[in-house]
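Me: I am new to this structure and would like to learn how to read it. Could we take it one feature at a time?

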Amino acid sequence: MTVNDLLRFYAPRLDAMDGPALLLDGGGAVLYANEPARRLHRSGGDAGEEDSAGEGSDDDYGTGGTSGAGGTSESGNTGSAAPAHGWRHQEVPPVPMDGAPVRESRTRITLPDGAGIRQISWTCVAVPLPLRGWEDGQADTGPAPCPTGHAGHAAHAGQAAHAGQAAHITSPSPRHLHAAYLAWGRLRTTEGGQEMGFTIQPNGVIQAVSPALCAICGYTRDELVGRSAREFYFTSTARKRIVSQLIKRAEVENGEVTLRRKDGSPLTLWYTAESIRDAAGRMVAYSGYFQERPFAFSSKLASDFSRVVDALPGLAWVCGRDLRIVAVNDAYLAAYRRTRDEVMGRTEYDFLPPELARYPVEAALKVFEEKQELEHPAVPHLLDPSVWYRVIRRPIFDDNRQEVIGLLGIAQDISAKVVQENAFIEQLHAHHGDVVVVTDDQGRILRRSRQTLTPAIFGRQEPYDAYTLDMGPVLDLLHADDLPAVRQALLRAMREHREQHFECRIRNLSGSYSTVHARLVYNDTIYGEPRVYVVARDVSGEVGLRQAPMVLERLKEAAGARTDRELALFLNVSAASISNARKNGRIPPDWLIDAGLRTGRSIDWLVRGVAGGG
């Protein structure tokens with residue numbers, strides 16, 4: 001069988017395959033590439049043009065050799081001729097060695113649509129046929145050689161064979177070939193790489209994106225490439241989840257993620273991605289593609305819950321994993337001042353101001369990611385801050401109770417309760433700078449007053465400032481060493497129903513800690529359930545004033561004493577007692593009480609140096 005016979009036989013069969021497939025000679029050079037394989041290089045010209053443009057070089061993506069099934073670097077191909085159809089030497093799979101009939105390997109390829117790099121998993125099988133007609137440097141008679149070299153010869157032969165004509169191969173130099181190889185690859189891509197592809201560096205910086213992905217997200221390529229990928233996830237937890245999966249499993253198929261379009265709206269896509277490593281096992285990139293698919297459960301959710309939401313009190317709605325609303329009741333439509341046609345089949349971004357729509361979208365995504373009910377005990381209505389709701393979002397699972405396919409939202413109007421609570425909170429403000437934080441019986445933050453501490457301790461106030469029932473905000477705020485004391489004070493307040501006072505350190509926006517004086521007040525009359533109102537005041541500036549030396553100086557000022565000896569005479573104690581108090585950093589309370597009663601100075605001024613005196 002001659003080379004031309006081999007091409008005539010295999011070319012139509014390779015072209016019938018869905019994935020990339022190659023016919024290789026005994027040295028590993030490409031004799032023929034099928035249509036999916038040619039499509040991978042269609043926009044890039046020949047291999048020399050790609051290299052001269054500086055795209056897809058080894059310097060860009062790490063070492064360029066091929067990787068075998070065991071992950072070790074292995075070339076196995078002869079570099080005596082350029083590959084055909086734009087295939088570069090390091091992209092062609094290595095042929096079997098040492099008489100082995102099959103070889104598994106991986107190579108990296110630069111996609112033609114600008115989406116970066118991808119891996120191809122190859123299976124290369126030997127075809128043990130003698131290739132007659134090339135022995136002793138003699139070629140079959142036929143058409144004249146193609147002037148472009150071996151790659152051009154193979155391409156010309158392949159095209160002729162595919163057309164059913166007598167294809168001809170002329171060897172560039174006398175060479176004995178005793179075998180041929182078939183290689184077919186599995187590439188994680190759709191339509192030969194022409195999809196919403198991406199490549200992200202290990203540090204999270206976007207390295208390449210396809211035009212299709214730019215278009216659907218509303219960005220230009222320059223607005224994406226070189227920026228951190230974390231900026232385009234709708235929630236930070238989604239990014240962490242995806243990166244963790246790729247590190248643990250090396251690849252993810254049919255994952256789900258919600259991206260943030262340029263206009264701020266959510267875009268739910270399915271993705272397939274893999275972590276690409278070099279021969280030494282070092283991470284080179286994360287690469288993959290997105291797909292937009294219709295949501296399969298929309299009609300099921302609508303049929304199952306349309307009557308349910310109509311029967312529920314307050315606002316009720318159902319949305320799918322794609323965030324599109326499939327069922328609402330009349331109270332929901334009235335609250336958002338929309339018709340049914342303006343809401344059904346749309347996300348909140350379609351009928352709410354963008355700066356407000358992100359809050360319910362983020363809440364829905366949290367339900368989907370954590371597969372748990374999410375409660376907001378007290379949140380203002382997005383369009384009318386005078387109206388307050390208690391909002392519960394419950395996950396809706398599929399028939400197997402495995403995956404969340406949507407959520408049921410219920411919002412109960414608690415405006416009258418909030419008015420009552422606001423009046424109670426105002427009564428608790430003893431100083432202008434006080435902040436009141438409302439917690440449940442477990443210390444989980446329910447809501448807080450509009451007033452913030454200076455410097456800001458509880459974070460920058462936002463229009464939609466609501467806490468969910470988790471301990472995250474509390475644990476993030478409190479210094480770890482103060483947690484036992486805070487917990488003990490909370491338990492006493494709940495058990496004894498009496499005010500509790502303590503000081504603790506709370507993290508501020510700069511990342512350091514501020515000292516806060518807290519007063520705990522128990523109340524269960526407003527909502528019919530126990531709540532603790534924490535009145536917090538920043539006393540960081542007073543900490544230095546309460547040091548023993550400063551308190552002793554104020555005691556001297558109140559007593560009219562100039563020395564420690566004179567102060568000792570005033571307090572009727574020994575001079576050594578004054579020295580010991582300064583050394584130990586502790587002032588006996590009876591000194592403060594005695595000095596206050598005899599001089600008329602307030603205890604507050606003597607201890608903290610504030611409130612003037614007398």
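Reply: Start with burial: a residue counts as buried when its relative accessible area is under 20%, and as exposed when that value is over 50%. Note also that this is a predicted model.

Me: What share of the 614 residues of the chain counts as buried?

Reply: The share is 50%. The chain exposes about 29100 Å², and carbon and sulfur atoms supply 51% of that area.

Me: How many helices and strands does the chain have?

Reply: There are 21 helices and 21 strands. As for contacts between residues at least 6 apart in sequence, 55% of them join residues at least 24 apart.

Me: How do I read a sheet?

Reply: Strands of a sheet pair through backbone hydrogen bonds, and the pairing is either parallel or antiparallel. Here, 5 strands make an open sheet in the order β18-β17-β21-β20-β19, with antiparallel pairing. At its edges are β18 (445-448) and β19 (500-507), each of which pairs on one side only. On average, neighbouring strands of this sheet are turned by 30° against each other, direction ignored.

Me: Which helix packs on the sheet and touches β17, β18, β20 and β21?

Reply: That is helix α13, residues 415-428. Its direction makes about 40° with that of β21. Another helix, α15 (residues 483-496), lies across β17, β19, β20 and β21. Helix α15 runs at about 145° to β19.

Me: Over how many bridges do β17 and β21 pair?

Reply: Strand β17 (residues 435-439) and strand β21 (residues 531-538) pair over 5 bridges, in the antiparallel sense. To see this pairing in the model, find V437, which stands opposite V534 in β21.

Me: How should I read a salt bridge?

Reply: Side chains of opposite charge can pair when their charged atoms come close. The structure holds 31 salt bridges. One of them links E421 and R531, whose closest N and O atoms are 3.0 Å apart. E421 lies in helix α13 and R531 in strand β21, so this pair ties together parts that are 110 residues apart in sequence.

Me: Is E421 buried or exposed?

Reply: E421 is buried, at a relative accessible area of 0%.

Me: Which residue forms a salt bridge with D434?

Reply: The partner is R537, with 3.4 Å between the closest N and O atoms. D434 lies in the loop between α13 and β17 while R537 is in strand β21, so the two tie together parts that are 103 residues apart in sequence. Both D434 and R537 are buried. There is also a network: E421, R447, E529 and R531 are joined by salt bridges that share partners.

Me: How many residues of strand β16 are buried?

Reply: Of the 10 residues in β16 (residues 404-413), 8 are buried, so the strand is largely enclosed by the rest of the structure.

Me: What pairs with β16?

Reply: Strand β12 (residues 315-320) pairs with β16 in the antiparallel sense, over 6 bridges. In that pairing, L315 stands opposite A411. Strand β15 (residues 388-397) is also joined to β16, by 9 bridges, and these two run antiparallel. There, Y389 has D413 in β16 as its bridge partner.

Me: Which residue in the hairpin of β15 and β16 takes a positive phi?

Reply: R401 does, with a phi near 60°. This hairpin has 6 residues between the strands.

Definitions and conventions:
Residues numbered from 1 in each chain as written. Predicted model: local features only at pLDDT ≥ 70, side-chain atom pairs only at ≥ 80, totals over all residues. Heavy atoms only, no water. Helix = DSSP H or I, 4+ residues; strand = E, 2+ residues; numbered from the N terminus. Buried < 20%, exposed > 50% of the residue type's maximum accessible area, 1.4 Å probe, protein only. Contact = heavy atoms within 4.5 Å. Areas by Shrake-Rupley, 256 points an atom, 1.4 Å probe, with all protein chains shown as cover. Pairing = 2+ DSSP bridges. Axes fitted to C-alpha atoms, helices over the stretch in contact; angles between N-to-C directions. Salt bridge = Lys/Arg side-chain N within 4 Å of Asp/Glu carboxyl O.
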